[in-house]
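Trainee: Could we go through this structure together? I would like to start with the overall form and then turn to the details.

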Number of protein chains: 2
Amino acid sequence: MIANRRFTLVRRPHGLPQPADFALDEVAAPSLAEGEILVGNVYASLDPAIRGWLDDLPSYLPPVALGSPVHATTVGRVAATRNAAFAEGDWVVGLNAIEDFSVARPGGFLMKIDTDTVASPTHYLSVLGAVGLTAYFGLIEIGRPQPGATVLVSGAAGAVGSLVGQIARILGCRTVGIAGGAEKCRRLIEDYGYDAAVDYRGLDTQALASRIAAAAPQGVDVIFENVGGTVLDAGLLCLNEHARVALCGLISEYNSTDGMTGARNLWQLVVKTATISGFLVKEFLPRFAEGAQVMSRWVAEGRLRVDEHIEDGIHQAYPAFMRLFEGTNQGKMILKL
Amino acid sequence: MIANRRFTLVRRPHGLPQPADFALDEVAAPSLAEGEILVGNVYASLDPAIRGWLDDLPSYLPPVALGSPVHATTVGRVAATRNAAFAEGDWVVGLNAIEDFSVARPGGFLMKIDTDTVASPTHYLSVLGAVGLTAYFGLIEIGRPQPGATVLVSGAAGAVGSLVGQIARILGCRTVGIAGGAEKCRRLIEDYGYDAAVDYRGLDTQALASRIAAAAPQGVDVIFENVGGTVLDAGLLCLNEHARVALCGLISEYNSTDGMTGARNLWQLVVKTATISGFLVKEFLPRFAEGAQVMSRWVAEGRLRVDEHIEDGIHQAYPAFMRLFEGTNQGKMILKL
């Protein structure tokens with residue numbers, strides 16, 4: 001018997017996930033039905049969105065069932081196959097789970113990847129994966145910045161935000177990043193080329209809005225929002241007319257238990273005739289190849305810096321996931337299985 | 001000397017406007033410079049938006065100055081003119097103030113109106129004015145409902161909301177209206193033809209969302225939002241994919257002092273790839289004639305019911321204005337001067 005170690009959900013988190021919400025177990029690796037593929041997961045992508053899948057609430061994916069391994073996008077190799085489109089040893093990326101072996105079924109998301117042309121297969125979980133494509137399509141198609149526009153990015157040192165800032169700069173925009181702490185703000189300027197960095201820590205909405213306004217003297221044309229709460233409220237106070245807010249995530253709200261902070265400055269949408277648009281990268285599925293090709297070229301040309309934070313071993317799943325909410329990851333959070 | 005009675009702002013309101021925030025005074029009617037027009041105001045439009053103009057905050061109009069009459073759209077007749085485009089006795093509509101006589105300057109908003117083709121000149125403050133055009137363009141251009149779509153309207157018995165529901169029905173949509181109290185809900189069905197009415201009173205977000213979901217079994221494709229707070233949050237929980245929220249106003253938030261309620265369910269915009277767009281009717285200025293023509297025809301055909309609530313006398317300005325926040329007006333609130 002081949003063992004399958006799994007990181008499972010055993011209790012739905014109330015607020016910030018606790019160690020006891022999860023368990024590590026070991027079961028027999030599943031056998032395959034006709035058409036199925038057994039993926040040996042090598043790397044799992046840890047994303048804030050996973051927090052949403054742990055709740056039993058209406059969302060774009062069914063919630064993780066209790067006792068089941070936690071969903072994640074993984075990169076791995078085909079360990080066994082009853083599907084002619086995949087050969088043993090093929091590198092693949094897909095929506096699987098945090099476990100050694102996942103069964104992929106026809107119709108789900110599983111794609112062969114070319115590991116020869118990239119520096120590391122992990123790039124399919126960062127710059128060439130959902131994170132990179134979220135940054136690319138969210139900024140270009142939802143934010144729609146013109147050259148010369150001012151783009152404000154929250155969670156600017158995060159996996160998505162750090163790419164958004166760099167892409168906006170490539171497009172000829174002025175970029176202002178918001179992050180927590182002096183060290184992250186240093187990285188915004190030095191590593192990701194932001195024109196200005198704003199540290200949100202210890203500031204209320206008005207004070208934060210003043211800092212943003214100082215960093216964006218022409219006003220803000222596009223917000224790429226990852227954080228929500230006070231950070232979004234402050235950004236809303238700095239909008240130009242007809243501004244667009246590309247709403248990617250609300251990480252500050254995901255673990256709230258006593259009610260979320262909420263957005264109190266929506267009236268600014270009225271007076272500035274501005275728009276907030278939520279989006280999911282899956283909307284752009286038919287254009288993934290196009291996005292990945294452009295991002296690939298920018299990486300090859302040295303115009304796009306890609307930081308990955310890789311933790312080693314399935315027993316690191318919980319602490320590595322929590323780093324996303326503590327803000328202590330430096331780059332795209334990835335778990336090596 | 002001709003007397004000019006004025007309803008002036010003497011103190012900026014903190015929260016709900018108080019009687020002592022305003023004063024009635026009497027000054028000499030102004031004299032005219034070359035190009036100017038003296039408008040004898042007959043009717044003034046009382047709108048929730050006026051609340052925003054009383055604050056000293058960045059908005060789309062300069063705030064009302066202390067000691068000055070409160071801005072309002074008025075319908076009146078030209079009392080004197082030094083502008084060849086206007087003759088004494090002409091009926092006009094324009095952005096003036098709550099006073100007997102206002103001076104209109106070239107470049108501002110003043111327009112001659114045809115009172116022969118309408119049942120009452122007050123229609124230029126309701127169905128053919130900013131209120132009617134806000135309903136028309138906000139629904140059609142921002143909400144963009146398809147025939148058969150479900151349109152949810154908050155403040156559904158109000159001046160704008162009652163028109164939105166009727167227009168949506170003319171367009172072939174299913175209409176669900178939210179209002180406060182059984183009597184208003186009765187009017188939604190009987191007077192404005194809503195398919196379903198939901199009374200928000202006494203319900204928390206989840207309970208209100210359940211009622212909306214029951215009234216909109218196919219989900220909500222378009223929200224026309226006038227209220228904000230809990231009402232918006234409940235609506236957000238009922239959205240279909242790619243839904244649009246046309247954000248017209250947030251009347252529940254305008255008088256808050258201890259922080260607004262805010263919108264806590266913005267994450268629904270992400271999972272439903274939905275959009276909130278703020279708008280101002282002035283964006284559609286070049287198309288006002290088109291909108292008024294269509295609305296006029298619907299009124300003439302008996303397809304659009306227009307309710308106006310007219311209070312008599314400038315001394316009624318304060319209580320009539322407050323009715324908007326108490327929700328005790330039955331139709332477009334208008335003050336006869």
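**Overall form and pairing of the chains**

Mentor: Chain A has a radius of gyration of 20 Å, which agrees with the value near 20 Å that a compact globule of 337 residues would have. The radius is taken over C-alpha atoms, and the globule rule is 2.2 Å times the number of residues to the power 0.38. This is a predicted model, in which local features need pLDDT of at least 70 and side-chain atom pairs count only at pLDDT 80 or more, while totals for chains, interfaces and linings use all residues. Residues are numbered from 1 along each chain as its sequence is written, and chains are lettered from A and ligands numbered from 1 in the order in which they are written.

Trainee: What does the C-alpha trace of chain A span along its principal axes?

Mentor: The trace spans about 65 × 45 × 35 Å.

Trainee: And how many helices and strands are there in chain A?

Mentor: Chain A holds 9 helices and 15 strands. These are DSSP runs numbered from the N terminus, with H or I and at least four residues for helices, and E and at least two for strands.

Trainee: What share of chain A counts as buried?

Mentor: Of its 337 residues, 51% do. A residue is buried if 20 or more other C-beta atoms, placed from the backbone, lie within 10 Å of its own, exposed if 12 or fewer do, and partly exposed in between.

Trainee: Which residues touch the most other members of the largest nonpolar core?

Mentor: They are A:Leu46 and B:Leu46, in a core of 213 residues. Such a core is a set of buried Ala, Val, Leu, Ile, Met, Phe, Trp, Tyr and Cys residues joined through C-beta atoms within 7 Å. Beyond four places in sequence, the contacts of A:Leu46 include A:Ala72, A:Phe321 and A:Met333. Two residues are in contact if their C-beta atoms, placed from the backbone, lie within 7 Å.

Trainee: Let us change topic. How many residues of each chain are in contact with the other?

Mentor: 28 residues of chain B are in contact with 27 residues of chain A. On the chain B side, α7 (267-271) and β13 (275-278) each supply at least two of the residues that touch chain A. That side divides into 14 nonpolar, 10 polar and 4 charged residues. Here Ala, Val, Leu, Ile, Met, Phe, Trp, Tyr, Cys and Pro count as nonpolar, Asp, Glu, Lys and Arg as charged, and the others, Gly among them, as polar.

Trainee: How does β13 of chain A run against β13(B), parallel or antiparallel?

Mentor: The two strands run antiparallel, joined by 3 bridges; strands pair if DSSP finds at least two bridges between them. A:Ile276 stands opposite B:Ile276.

Trainee: What rotation superposes chain B on chain A?

Mentor: A rotation of 179 degrees does, with 0.0 Å of shift along its axis and an RMSD of 0.1 Å. That is the relation of a two-fold axis. The same surface serves both copies, as 96% of the contact residues of chain B recur in chain A. Superposition is by least squares on the C-alpha atoms of residues with pLDDT of at least 70 in both copies.

Trainee: One last point: where is B:His242, and is it buried or exposed?

Mentor: B:His242 lies in strand β12 (residues 239-247) of chain B. It counts as exposed because it has 11 C-beta neighbours inside 10 Å. Although B:His242 is not a glycine, its phi is positive, about 65 degrees.
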